[in-house]
Amino acid sequence: MALPHKVSSFSSLHSPFSRNRHFQGRHHAISSLNCKSTFSASPFTEKHSSERYQRDQWVYQNRLGQTMSCPLPSDSEAIREDDIALQLPELKKLLQVLKEKRESEGNCSGGKCAPGDVFLVGTGPGDPELLTLKAVRVMKGADLLLYDRLVSNDVLDLVGPDAKLLYVGKTAGYHSRTQEEIHELLLSFAEAGATVVRLKGGDPLVFGRGGEEMDFLQQQGIQVKVIPGITAASGIAAELGIPLTHRGIANSVRFLTGHSRKGGTDPLFVSENAADPDSTLVVYMGLSTFPSLAQKLMHHGLSPQTPAAAIERGTTLHQRTVFAELNDLPEKIASAGRGLKNKDPCNVDVFVEWESKQAAMILWK
């Protein structure tokens, strides 16, 4: 399959400007930055922040200098499709440049180039000093880096000067790229012979969908190398001085996703084993579902007086922590974030509150 055609396939575009009334007659980028955002300080990449568009400005070269009107449309899918359409020309150009580079290096035969490598790199919970030396080396040598929202800004500052960055992060209600589109991006650039790095917060194989990406690429004959990162459970527990295991107290540790795949406030099924009083339980992505999760854990026998903590943005300068007994933790979390709602000038609601995708709960004996 021709590379430009494959790029078109991962964009999932079928004339979005004609389908979405918000963008009829205004095919200009939301990345123009004339509408400045006042998002609350965050160590991570917010979905429509000026920092994101400045970092990824190479992919908007065909629209630089055009202006953006406020407010942004409320239709997040329209925003997403317009953003992808604006990126497509530069992505095609980069594919061609990388392919020609491989040909000039003698890495092609009969018009076909040997595929490049894909690295799934864990960047830890946010503190750049927790990166492995191998992760930094690979980041500096990459042609293209696809990064998630929870890769901290400080980590992204370590990327090599010649590398191209592309945001593919997901937040509740807004996925800049679907998982399938991310798969196709990785495949297309690897087939062009590029060194592609997929940057993920924490560890790529701990609630990071790294296994899905690895399986997809390996089935296409692409070599995938995984560089582990410090997962949030380890990094945050160390920061707080909470041992995940302790002789005579906690003989095991369990990682549990609190994320509901179908959305809503009901967590995934919680077995009786998750309420083991001799284990430390770490809940990832559990903010919205935690009230229900706590009730289920207590129903299965975990004491309401179990020491617990909720941590957001762990290991960064913006870390927030709430300590409470299990029975009281949901209300303590709500109190910590209550009444801190702001508005930015583009009518995008900004909530200065707990970020469910970066909040972890630790329950220990």
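Helices (H or I, at least four residues) and strands (E, at least two) are DSSP runs, numbered from the N terminus.

## Basis

This is a predicted model, in which local features need pLDDT of at least 70, side-chain atom pairs count only at pLDDT 80 or more, and totals for chains, interfaces and linings use all residues. Residues are numbered from 1 along each chain as its sequence is written, and side-chain values use heavy atoms, with hydrogens and water left out.

## D278 and its loop

D278 sits in the loop that joins β10 (252-257) to β11 (279-284). Its relative accessibility is 31%, so D278 counts as partly exposed. Buried is under 20% relative accessible area, exposed is over 50%, and partly exposed lies in between (1.4 Å probe, protein chains only).

A250 lies 28 residues from D278 in sequence. In space, the C-alpha atoms of D278 and A250 are 4.8 Å apart.

## The open sheet

Five strands make an open sheet, ordered β5-β4-β8-β3-β9, with parallel pairing. Strands pair if DSSP finds at least two bridges between them. Neighbouring strands are turned by 20° against each other on average, direction ignored.

Helix α7 (residues 179-191) packs on this sheet. The helix touches β3 (118-122), β4, β5 and β8 (196-200); contact means heavy atoms within 4.5 Å. The direction of α7 makes about 150° with that of β8. Axes are lines fitted to C-alpha atoms, for helices over the stretch in contact, and angles run from 0 to 180 degrees between N-to-C directions.

Four bridges join β4 (residues 144-147) to β5 in the parallel sense. Within these strands, L144 stands opposite K164 of β5.

## Two helices with a buried face

Helix α10 (residues 290-299) buries F290, L293, A294, L297 and M298. Down the axis of α10, these residues fall within an arc of 135°, so they line one face of the helix. The arc is that of the directions from the helix axis to the C-beta atoms. Exposed Q295 and H299 are carried on the face of α10 turned away from its buried side. After α10 comes G301, with a positive phi near 110°.

In helix α11 (residues 329-337), the buried residues are L329, I333 and G337. Their arc about the α11 axis is within 65°, so they too line one face of the helix.

## Aromatic rings

The structure holds three aromatic pairs. Ring pairs link F207, F255 and Y284 into a cluster. Rings of Phe, Tyr and Trp (its six-membered ring) pair if their centres lie within 6.5 Å; planes under 30 degrees apart count as stacked, over 60 as edge-to-face and the rest as tilted.
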